[in-house]
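Trainee: I would like a close look at a single part of this chain. Please take the core and what surrounds it.

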Amino acid sequence: MVNIDGKSCGNIAPSPLTTMREIKFRGKRVDNGEWVCGTLLCENVIRNHDTGYLVKTTNMSTDCSFECDGFRVDPVTVGQLTARVDDNLHDLWEGDLIAVADKVPWVIVWDRSSGGWMAEQDGHRVALGLMLKIKRMAVVGNIHDNSELIKR
């Protein structure tokens with residue numbers, strides 16, 4: 001059962017065939033500005049709202065039904081987990097700022113044309129996989145909380 005703002009919004013049962021890997025998202029809650037991680041609800045699940053939603057599973061049963069809590073998030077802040085980590089083993093998220101050898105940060109973005117994660121700086125893009133081969137790379141913030149770090 002999905003519960004958002006104290007209201008029951010129905011059941012969502014994952015298919016055993018579609019749960020091979022977990023795809024996570026994060027976003028900033030609209031009520032308190034805190035970051036939350038979870039599953040992104042699509043527009044066809046909950047309609048008539050002008051905010052995005054992330055849900056966290058709170059109780060999974062053996063029959064693949066589960067209960068979860070939902071959070072309203074600012075859709076501008078929603079970003080996907082890349083399934084990659086920096087040199088300090090911190091997860092890399094869409095919208096994160098990564099610094100290489102303490103230089104001007106790169107922004108992690110999804111590139112539709114290549115179908116992959118990229119690091120972008122001053123309009124130039126490099127495949128994130130190539131960037132990860134460089135030593136001394138670390139997350140230094142994100143575009144929502146640390147926009148002053150981005151070179152203009």
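Mentor: What follows goes from the whole chain to the core, then to the sheet and one threonine.

This is a predicted model, where local features need pLDDT of at least 70, side-chain atom pairs count only at pLDDT 80 or more, and totals for chains, interfaces and linings use all residues. Residues are numbered from 1 along each chain as its sequence is written, and side-chain values use heavy atoms, with hydrogens and water left out.

The chain has 1 helix and 13 strands. Both are DSSP runs numbered from the N terminus: helices are H or I with at least four residues, strands are E with at least two. The order is β-β-β-β-β-β-β-β-β-β-β-β-α-β. Of the 152 residues, 35% count as buried (under 20% relative accessible area; exposed is over 50%, partly exposed in between; 1.4 Å probe, protein chains only).

Now the core. The largest nonpolar core holds 11 residues: Leu-92, Ile-98, Val-100, Trp-106, Ile-108, Trp-117, Ala-119, Leu-128, Met-131, Leu-132 and Met-137. Such a core is a set of buried Ala, Val, Leu, Ile, Met, Phe, Trp, Tyr and Cys residues joined through side-chain atoms within 4.5 Å. Two or more residues each come from β9 (96–100), β10 (106–111), β11 (116–121) and α1 (128–131). In soluble globular proteins, nonpolar side chains tend to be buried together.

Take Ala-119. Beyond its neighbours within four places in sequence, Ala-119 is in contact with Ile-98, Trp-106, Val-107, His-124, Arg-125, Val-126, Leu-128 and Met-131. Contact means heavy atoms within 4.5 Å.

Next, the sheet. Its 5 strands run in the order β12-β11-β10-β9-β13, open and antiparallel. Two strands pair if DSSP finds at least two bridges between them. β12 (124–127) and β13 (137–142) are at the edges with a single partner strand each, so one side of each lacks a neighbour in the sheet. β9 and β10 pair over 2 bridges. Leu-97 has Val-107 in β10 as its bridge partner.

Last, Thr-82. Thr-82 lies in strand β7 (residues 79–85). Thr-82 counts as buried because its relative accessibility is 7%. Setting aside residues up to four places away in sequence, Thr-82 touches Leu-92, Trp-93, Glu-94, Ile-108, Trp-117 and Leu-128. Its side chain reaches the backbone oxygen of Leu-92 at 2.8 Å. The side chain of Thr-82 also reaches the backbone nitrogen of Arg-84, at 3.2 Å.

Notes
A polar contact is a pair of N or O atoms within 3.5 Å; within protein, one must be able to donate a hydrogen and the other to accept it, and residues adjacent in sequence count only if both atoms are side-chain atoms.
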